[in-house]
Amino acid sequence: MRIAVLSDIHGNLPALEAVLAAMAPYDAVWQLGDIVGYGPQPNEVIARLIDEGARGVRGNHDSAAIGMLATEAFNDEAAAAIEWTAEQLSPVARKWLAGLPTRAEDGPFTLVHGSPRDPMWEYVYSVGVARANMARFTTQNCLVGHTHVPMLFRRRSDAVGERVAPGDDDPPLALDEWRSIINPGSVGQPRDGDPRAGAMLIDDEQGTVEWRRVEYPIEPVQQLMLDAGLPLRLAARLSFGL
Ligand code: ZN
């Protein structure tokens with residue numbers, strides 16, 4: 001089965017359409033949360049995911065946009081975008097978000113937004129944080145989002161840990177005896193200096209994972225954000241992938 005793994009779509013429909021088109025054909029879509037927040041088309045993105053039969057988890061922005069998490073913990077721009085999103089969400093979209101779990105398991109994969117230790121807030125950026133989280137899931141691999149940066153942490157039985165920054169030109173990576181924490185990067189708001197939409201493809205028969213970067217039309221998204229009155233800096237950063 002080929003599984004398209006998406007995270008941090010953040011209401012960016014053209015980025016979502018671009019990664020889905022680039023990864024087709026696939027058999028399933030998994031998403032790791034932060035479906036909404038920042039971007040201008042939250043309802044459209046949710047409708048597309050429902051259409052795809054996507055399974056997955058809820059992130060901190062999703063939770064805040066439906067009133068399940070306070071906005072005080074977010075910076076001003078993020079909070080402004082969450083408040084705008086909360087006003088836009090249709091009853092169907094709101095209900096769908098509320099029904100998502102914060103943690104899911106499928107075969108050798110655990111799915112969370114932040115980390116298995118703290119699905120809402122923890123960022124898995126360092127080997128130390130990854131190591132501390134290895135004991136917090138029982139499957140072989142854990143898929144995380146939240147940092148908006150493609151990344152892989154893995155650990156063998158000898159407890160050696162390593163961090164790998166995967167490139168989109170790298171050949172598919174074999175998931176073998178290692179336990180791994182894997183981040184596909186962000187579809188709708190990359191933060192690694194590459195503005196292209198990021199996503200990942202798992203082939204669970206081959207036991208491989210590969211990262212993809214896909215160009216999408218950024219300017220129309222920025223225009224929609226400005227028209228909606230969303231913070232200027234949130235629109236500008238899409239051009240830089242930061
Ligand atoms: Zn996010």
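Analyst: What follows treats the metal site and then the chain around it. The model is predicted, so local features need pLDDT of at least 70 and side-chain atom pairs count only at pLDDT 80 or more, whereas totals for chains, interfaces and linings use all residues. Residues are numbered from 1 along each chain as its sequence is written, and side-chain values use heavy atoms, with hydrogens and water left out.

The zinc ion is coordinated at 2.0 to 2.5 Å by Asp8 (OD), His10 (NE2), Asp34 (OD) and His148 (NE2), where donors are N, O and S atoms within 2.8 Å of the metal (3.2 Å for Na, K and Ca); water is not among the atoms, so the site may look incomplete.

In sequence, the donor residues follow the spacing D-x1-H-x23-D-x113-H. Distant parts of the chain are linked by Asp34, in the loop between β2 (28-31) and α2 (42-52), and His148, in the loop between β6 (141-143) and β7 (151-155), which lie 114 residues apart; helices (H or I, at least four residues) and strands (E, at least two) are DSSP runs, numbered from the N terminus. Asp34 counts as buried at 2% relative accessibility, and His148 is likewise buried, with a relative accessible area of 2%, buried meaning under 20% relative accessible area, exposed over 50% and partly exposed in between (1.4 Å probe, protein chains only).

As for the setting, the protein chain has eight helices and twelve strands, and 55% of its 242 residues count as buried.
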